[in-house]
Amino acid sequence: MNMRHTTLISAVLLMIASSGFSSHVKAQVRAQVDGQWVMPRTADGRPDLQGNWTNATTTPIQRRRDQDAVYTPEEAARIEGGRAARTEALNQPSDPDRVAPPVGGDGSVGAAGGVGGYNYFWLDPGDRVAMFNGELRASLIIDPADGRYPSRTDASRQRMAEASQFRRQFGQYDNPENRPLAERCIVSFGSNAGPPMLPNYFYNNNYTIVQTPDHIMIMTEMVHDTRIIRMGTPKPLPEHVKPWFGDSWGHWEGDTLVVETTNFSPTQLNRGQLSGATDNLKITERFTRADEYTLNYEFTVDDPETWTDTWSGEVPFTRLPGLVYEYACHEGNYALFNVLSGARAQERREGGRQTPER
Amino acid sequence: MSNFIFKLVRTLRRTTFSVLACTAVAAVSADAQTAEIPRTQDGKPDMNGIWQALGNAHWDIEPHAARAALQMQAGPVVPVPAKPVLAFGAVGSVPSGVGVVVGGEIPYLPEARAKKIENQENWSERDPGIKCYLPGVPRATYMPFPFQIFQSSSHFFIAYEYAGALRNIYMEDPGPAQVDSWMGQSVGHWEGDTFVAEGSGFNDQTWFDRAGNHHSASMTVVERYTMTSPHHILYEATIEDPETFSRPWMIRMPLYRHVNEDARLGQFKCVEFVEELMYGQLRKNPIGSEERR
């Protein structure tokens, strides 16, 4: 199924499904004693983290430079109101008499991609400011104190420059490998499946957690990726085995699930927030049930050869009422084929190198 | 007369397979009496762990002799491996299998049987597995890859190594599937010690194996997972699809636990593995294009 269609259907179904709560939520409602929320626990006495969650939010990863760490309620109301108004405006029906975009696109950037690819109906980037421990947060990063990525080491800058130089030898449409991982349906946008598990500010920021005494399974809707976290004393993979999302081991510290991850895939380290990181990268995540509808997610990124300091963030995961649908991305990925095919057609038209017609 | 002998042989063959199947089931049942199966704290059989089907069902779920390749072409004397699979040599040859279809043969409607044969003749272009597409149900179960069951009091979730496929088998029925999908929608319940998953909402794009066996979007699959020992699950799936088959039919096979202490589900995110196959010709400089010119 086409990615866009899946999204549309997911969006429609979410609306249908959100009228009913899962049995899990019902169980939690029953777990309330005299209106007081009681931590739901699994049979082995651990906090029950299971169910469907979302980390969609308007709060950016990095804070604006002139912004305090916490919004006032008025600021938050203005942000959420602005997003709601924008959603309302962008959700207006498209003009049925509109003409096709001009050849080469209309020059617009973003989701519509110059050719009217997506209108807002398809998107679900988050409409709430991140509320963490009662604070209306202006960034997901909380350490360094300015809410911004710490400085990079010279060695890391050097690695990024080399990677960039390698990439510059290609045009962005020359090969499938030159396209972003999400466009290739390999992983979600941004650092959605993580670690760290961050919102993609686009759509489908949804997760399912299933918990057994010796494993925690976290499924990220995009693109049906599972992180299987093994509990207990780590028996790490050999250094040269580097799966997507790394090698994660968990343990409980009181009522908090602590997960430590190493052995990151080099391709993953080449992109986004983790660009320029080394094989010594270690990410620690902490999952704590905060209330009936909230799972507090904290993370710390540590790689002394890459950043001059560790950096940490806090992200609220909120209960997703409804089901998570199959995100079969690759199976309907006509876009990647068409993007490459379009680039070849353009080259032929511009009389450049002759590429055989197919 | 020859027709009679053919029918007789076929009947005998079927009987043999049924007897074999019964013996297998009896053997596993006997096991169950001697070994206590693990149970969760709520008393259900504890299927948490990594499991895998052994055998050759992933090549062809029907009983079959070994053959030279998945895709054949006419040769001057006998059929020979077709060009797209020739380079694999014996690695691409199909090992024999006793089959997992109860009764031996899939009860295709005539047109559906013809489509199966056509699929086989065009295997390299048609098998969704070639392009790393999601395997569907029940094929995911007996791909030559393990899968992991995550079972808790509220969830029954299966993560398959192959293609990162997964199923969240809902323990509460959300109603009819709202949309067709590759892995379908499954709703689970316990019948005694058997976990039953009722699957629907499948699309018509997935196959049963590498032999072109197929179905329509009307298919439903009822799977039964029964632990017969701490390390075995008897897996049975009943397939119903009136557009493709003349009657419901069943597959049955044991699943084996990965018992080694360091067992873990690997990762087989094969999307990037097939990019050269699917998009290689669209590179700015297709690999090998210099030599071809």
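## Exercises on disulfides, strands and a buried threonine

Across all chains, the structure holds two disulfides (a disulfide being a pair of cysteine sulfur atoms within 2.5 Å). The model is predicted: local features need pLDDT of at least 70, side-chain atom pairs count only at pLDDT 80 or more, and totals for chains, interfaces and linings use all residues. Residues are numbered from 1 along each chain as its sequence is written, chains are lettered from A and ligands numbered from 1 in the order in which they are written, and side-chain values use heavy atoms, with hydrogens and water left out.

**Exercise 1.** Characterise the disulfide of C185(A) and C329(A).

*Solution.* 
- Step 1, distance: the two sulfur atoms are 1.9 Å apart.
- Step 2, handedness: the S-S torsion is about -70°, so this disulfide is left-handed.
- Step 3, location: C185(A) belongs to the loop between α4 (154-168) and β5 (206-212) of chain A and C329(A) to the loop between β12 (311-319) and α6 (334-349) of chain A, so the pair ties together parts that are 144 residues apart in sequence. Helices (H or I, at least four residues) and strands (E, at least two) are DSSP runs, numbered from the N terminus.
- Step 4, burial: C185(A) is buried, with a relative accessible area of 4%, and C329(A) is buried, with 2%. Buried means under 20% relative accessible area, exposed over 50%, and partly exposed in between (1.4 Å probe, protein chains only).

**Exercise 2.** Determine the handedness and location of the link between C132(B) and C270(B).

*Solution.* 
- Step 1: a disulfide joins C132(B) to C270(B), with an S to S distance of 2.0 Å.
- Step 2: the angle about the S-S bond is 80°, and the link of C132(B) and C270(B) is right-handed.
- Step 3: C132(B) lies in the loop between α4 (123-126) and α5 (139-142) of chain B, while C270(B) lies in the loop between β11 (249-257) and α6 (275-279) of chain B, so the pair ties together parts that are 138 residues apart in sequence.
- Step 4: both C132(B) and C270(B) are buried.

**Exercise 3.** Locate T54(A) and list its contacts beyond neighbours within four places in sequence.

*Solution.* 
- Step 1: T54(A) lies in strand β1 (residues 51-54) of chain A.
- Step 2: T54(A) is buried, with a relative accessible area of 11%.
- Step 3: the side chain of T54(A) reaches the backbone nitrogen of A56(A) at 3.2 Å.
- Step 4: T54(A) is in contact (heavy atoms within 4.5 Å) with N205(A), N206(A), P316(A), F317(A), T318(A) and L320(A), its neighbours within four places in sequence being left aside.

Definitions and conventions
A polar contact is a pair of N or O atoms within 3.5 Å; within protein, one must be able to donate a hydrogen and the other to accept it, and residues adjacent in sequence count only if both atoms are side-chain atoms.
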